[in-house]
Amino acid sequence: SGNNNSGTLNGNVTLTTDRFGVASKAYSFDGSPGTFINVPMSNSLKIQKQITISAWIYMNAGYLNPRVISNEASGFDQYYMSVAGTANTSRNLEAAIQGATGKSGFFFGGANGIDVPALSWHFIVFTVDANGLAKLYLDGELKKSSQGTLQTNPSYGPNLNIGRNSYPDFDA
């Protein structure tokens with residue numbers, strides 16, 4: 001990452017071909033419980049006045065509702081991006097950040113999410129700027145936006161997880 005945020009592979013995470021067809025330049029997650037990359041939380045992974053989360057994804061088969069990336073504390077996600085479903089046609093992209101106490105946060109999902117075609121590479125981006133404007137992009141195109149309020153001093157979980165839904169109903 002350039003910020004000493006190295007992760008540890010857990011479960012069935014394997015190297016695979018990336019979007020350019022180059023072998024061993026991307027990671028594949030089979031979606032089974034216990035399969036994820038764990039990154040210890042650091043100050044560089046905490047939300048300051050704004051945040052951008054981005055990833056290249058390729059979805060096929062797998063288990064229900066895997067997180068692309070998430071940080072969970074006290075039984076809820078501080079921030080996350082995930083895809084809902086297991087279909088090989090398309091899946092609903094969700095993204096959320098908890099809001100300030102008593103104020104709305106940001107959630108894109110369900111009817112307010114975006115459908116992402118499966119079985120092909122896609123670039124997904126979720127941003128929230130210092131003025132509380134959240135945006136969700138698919139392949140460089142703005143798909144959704146929403147106004148809210150960032151939490152100023154949130155509780156963070158001990159780890160940032162890639163490819164893992166940390167809720168007990170979805171992951172062991």
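Predicted model: local features only at pLDDT ≥ 70, side-chain atom pairs only at ≥ 80, totals over all residues.

Colleague: OK, so is asparagine 4 buried or exposed?

Modeller: Asparagine 4 has a relative accessible area of 78%, so it is exposed. You'll find it in the segment before β1, which covers residues 8-10.

Colleague: What about its phi?

Modeller: Asparagine 4 has a positive phi of about 60°, although it is not a glycine. As background, most residues other than glycine have a negative phi.

Colleague: Where does leucine 119 sit, and what is its phi near?

Modeller: Leucine 119 is in the loop between β10 (114-117) and β11 (122-128). Its phi is positive too, near 65°, and leucine 119 isn't a glycine either. With 41% relative accessibility, leucine 119 counts as partly exposed.

Colleague: Let's zoom out. How many helices and strands are there in the chain?

Modeller: Zero helices and 14 strands.

Colleague: What share of the contacts comes from residues 24 or more positions apart?

Modeller: Taking the contacts with a separation of 6 or more, residues 24 or more positions apart account for 58%. Glutamine 50 gives you a pair to look at: its C-alpha atom is 5.4 Å from that of valine 128, and the two residues are 78 residues apart along the chain.

Colleague: Where is glutamine 50, and what does it touch?

Modeller: Glutamine 50 is in the loop between β4 (36-40) and β5 (51-57). Leaving out residues up to four places away in sequence, glutamine 50 touches Val128, Asp129, Ala130 and Leu150.

Colleague: New topic: charges. How many salt bridges does a search of the whole structure find?

Modeller: One. Glutamate 141 pairs with lysine 143, and their closest N and O atoms are 3.3 Å apart. That counts as a salt bridge because the cut-off is within 4 Å.

Colleague: Are those two buried or exposed, or in between?

Modeller: In between. Glutamate 141 is partly exposed at 46% relative accessibility, and lysine 143 is partly exposed at 37%.

Colleague: What about aspartate 18, where is that?

Modeller: Aspartate 18 is in the loop between β2 and β3 (26-29). It is buried yet has no salt bridge. The nearest side chain of opposite charge belongs to arginine 19, and that is 5.5 Å away.

Colleague: Which backbone nitrogens does the aspartate 18 side chain reach, then?

Modeller: A polar atom of the aspartate 18 side chain lies 2.8 Å from the backbone nitrogen of phenylalanine 20. The side chain also reaches the backbone nitrogen of valine 22, at 2.9 Å. Beyond residues up to four places away in sequence, aspartate 18 touches Lys25, Ala26 and Trp121.

Colleague: Last one: which residues form the nonpolar patch on the surface?

Modeller: Leu9, Leu15 and Tyr27, with about 290 Å² of accessible area together. Leucine 15 lies in strand β2, residues 13-16. With a relative accessible area of 48%, leucine 15 is partly exposed.

Methods. Residues numbered from 1 in each chain as written. Heavy atoms only, no water. Buried < 20%, exposed > 50% of the residue type's maximum accessible area, 1.4 Å probe, protein only. Patch = residues over 30% accessible without salt bridge, like charges linked within 9 Å, V, L, I, M, F, W, Y side chains within 5 Å. Areas by Shrake-Rupley, 256 points an atom, 1.4 Å probe, with all protein chains shown as cover. Helix = DSSP H or I, 4+ residues; strand = E, 2+ residues; numbered from the N terminus. Lys, Arg positive; Asp, Glu negative; His and termini not counted. Polar contact = N/O pair within 3.5 Å; in protein donor to acceptor, adjacent residues only side chain to side chain. Contact = heavy atoms within 4.5 Å.
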